Amino acid sequence: MAIVCKSMAEIEKMRRSGHIVRQVLDHVRDLIVPGASTMDLERAAEQKMRDLGAKPAFKGYYDYPCVLCTSVNEEIVHGIPSEKRLLQTGDIVSVDCGVVLDGYYGDAAITVPVGEEVTPELQELLSVTEASLYRGIDQARLGNAIGDVSAAVQEYVESHGFSVVREFVGHGIGTHLHEEPQVPNFGTPGQGARLLEGMVIAIEPMVNSGKPEARVLSDKWTAVTVDGSYSAHFEHCVAVSRDGPMILTQ
Ligand code: CO
């Protein structure tokens with residue numbers, strides 16, 4: 001399947017999906033307190049999506065069982081919400097959310113500290129990961145290549161002493177959750193697909209405080225750091241336009 005560029009009307013639809021994703025994430029963020037279970041977040045998210053008239057994108061996609069991915073501490077991505085996983089002061093939790101509205105997908109992620117006592121080192125992991133996302137977004141310009149986005153993320157992350165995960169990457173998005181091209185968080189400027197008007201990509205740096213290696217647990221979904229270090233994840237959907245990068249998940 002080739003890269004599909006979107007019309008202005010399609011991008012407007014994706015902005016609506018993206019706006020719902022943001023409203024769900026804002027709602028979930030308020031529920032992230034010590035003692036909450038990740039299943040509490042899942043239930044609240046599912047209700048909010050439906051209230052806003054959208055369908056969950058992840059549930060049933062490749063047989064994933066939930067509407068959110070909730071990845072705590074050393075979990076990188078694809079953590080499955082559970083009644084048994086209670087958030088504790090000092091944890092960090094990544095919440096990844098996707099919806100589909102009127103045939104168009106939206107996908108975004110945030111990582112949130114639990115309680116008020118997250119260490120300065122973890123705070124820095126979160127702020128560097130979020131800032132690396134914006135470094136990548138700033139490269140999502142006509143005439144640039146995917147490698148410019150990838151390299152900007154990697155350079156920023158590594159210059160702050162953290163590492164980027166290689167096994168999971170960002171992606172094109174539109175009438176499917178995952179479209180071409182892949183958007184790695186590592187690479188070489190100028191390499192890869194050229195960015196064309198109407199391309200929409202999900203940029204999603206996954207950043208480890210230690211070594212970059214990931215492995216998947218026996219539940220077949222939860223990806224964790226091999227060295228047990230912490231991991232953060234932020235994601236936006238971005239349209240490439242003549243006026244520069246347009247963030248659709250605001
Ligand atoms: Co994504």
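**Exercise 1. Determine which residues lie nearest the centre of the largest pocket, and how many residues line it.**

Solution. The largest pocket has a lining of 23 residues, and those nearest its centre are Tyr 62, His 78, Val 169, His 171 and His 178. Here a pocket is an open set of points on a 1 Å grid over the protein atoms alone, where a 1.4 Å probe fits, with protein on both sides within 12 Å along at least five of seven lines, and lining residues have an atom within 4 Å of a point. The model is predicted, so that local features need pLDDT of at least 70 and side-chain atom pairs count only at pLDDT 80 or more, while totals for chains, interfaces and linings use all residues. Residues are numbered from 1 along each chain as its sequence is written, and side-chain values use heavy atoms, without hydrogens and water.

**Exercise 2. Describe the backbone at His 78 and at Pro 181.**

Solution. His 78, although not a glycine, has a positive phi of about 65 degrees. Pro 181 is joined to Glu 180 by a cis peptide bond, with omega about 0 degrees.

**Exercise 3. Find how H3 and H4 are oriented to each other.**

Solution. Helix H3 (residues 120-138) and helix H4 (residues 146-159), which are DSSP runs of H or I with at least four residues, pack at about 150 degrees with axes 8 Å apart. Axes are lines fitted to C-alpha atoms over the stretch in contact, and angles run from 0 to 180 degrees between N-to-C directions. The two helices are therefore roughly antiparallel (over 145 degrees).

Definitions and conventions
Angles under 35 degrees count as roughly parallel, over 145 as roughly antiparallel, 65 to 115 as roughly perpendicular and the rest as oblique.
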